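Student: Could we go through this model together? I would like to begin with the terms.

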Amino acid sequence: MLTILLVTVGVILLTIGLVKLVDKFIPTKFKPVLMIALWALIAFLGYNTYMSVYGPIQFNKVKIKRYQAAINGLKDIRDAQLAHRQVTGRFASKFENLVKFIDTAEFTITQRKDSTVIDEEENKRLGLNSMTKEIVIIDTLGTRSVKDSIFKNSDKYKTMMNLPEGVGKPGDKYQLKAGFIDMNEVRVPVFEAFVMKDVILHDQDKNLVNQEKEVLSQVVGVQGDAIRVGSMEEAQTVGNWAQLYDTEQKD
């Protein structure tokens, strides 16, 4: 962008120089047309120079605002999926199943207590009556609604598959996958929820969008061509965004 800016400024200065030369050396009858054309060129180049600076600044503001909204939605999906795994042992592969789960499922509330009891087998083996052993007692205290635990008085989970208002086109949705991977001969549940950057930034400058899709690190931005949480290749439930997106953004 800096190169384009310098070239544009150079062309503007050259054009201004041409205006002065025209004013000095071109016959009077030709001056009006040439002067209008040159000043129009200056205005055009000036506008392009301004937009080469202003455009990326505005793009960045739009990007951050939309990314923050999209990430907040992905966090809700992750919370719901983690509850689903805790209760069922796996992740949901469809939003309708996840919504139904939240509507109906309950967490079991338990209490763990350590206790000491007589070790009858050891006493019998040794011919004693003083041997004891430590045991853990799990008491079930009741249940708690998953819906109330995660979303409290909100029913936003019913539309969590939809992108937030102002992010993407009306009707655009998150994508969801779930399954299992093998780790050390153990089947481990995994899931991934994501939305492509092309969808989020559908109405923005295509060159800037393409640059954004090539971000390689999540230290300073959002890595790759989509905003993702979870993975279908690793047993992890983190997102691919920078820490700044975990802090509420101000307009």
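Tutor: Buried means under 20% relative accessible area, exposed means over 50%, and partly exposed lies in between, using a 1.4 Å probe and protein chains only. S231 counts as buried because its relative accessibility is 9%. This is a predicted model, in which local features need pLDDT of at least 70 and side-chain atom pairs count only at pLDDT 80 or more, while totals for chains, interfaces and linings use all residues. Residues are numbered from 1 along each chain as its sequence is written, and side-chain values use heavy atoms, with hydrogens and water left out.

Student: Where is S231 placed?

Tutor: S231 sits in the segment after strand 5. Helices (H or I, at least four residues) and strands (E, at least two) are DSSP runs numbered from the N terminus.

Student: Which backbone nitrogen does the side chain of S231 reach at 3.0 Å?

Tutor: That of E233. A polar atom of the S231 side chain also lies 3.1 Å from the backbone nitrogen of E234.

Student: What is S231 in contact with, leaving aside neighbours within four places in sequence?

Tutor: With V190, F191, E192 and Q236, where contact means heavy atoms within 4.5 Å.

Student: On to Q81: buried or exposed?

Tutor: Q81, a residue of helix 2, is buried, with a relative accessible area of 0%. Apart from neighbours within four places in sequence, Q81 contacts F91, A92, L98, L176 and F191.

Student: Which residues touch the most other members of the largest nonpolar core?

Tutor: Of its 38 residues, they are L74, I77, M160, Y174, I200, I227 and W241. Such a core is a set of buried Ala, Val, Leu, Ile, Met, Phe, Trp, Tyr and Cys residues joined through side-chain atoms within 4.5 Å.

Student: Which element gives the most to this core?

Tutor: Helix 2 does, with eight residues. As for I77, setting aside neighbours within four places in sequence, the residues in contact with it are F95, L98, M160, Y174, L176 and A193.

Student: And helix 3, which residues are buried there?

Tutor: F95, L98, V99, F101 and I102 are buried in helix 3. They lie on the same side of helix 3 because they cover an arc of only 160 degrees around the axis, the arc being that of the directions from the helix axis to the C-beta atoms. On the other side of helix 3, E96, K100 and T104 are exposed.

Technical notes:
Polar contact = N/O pair within 3.5 Å; in protein donor to acceptor, adjacent residues only side chain to side chain.
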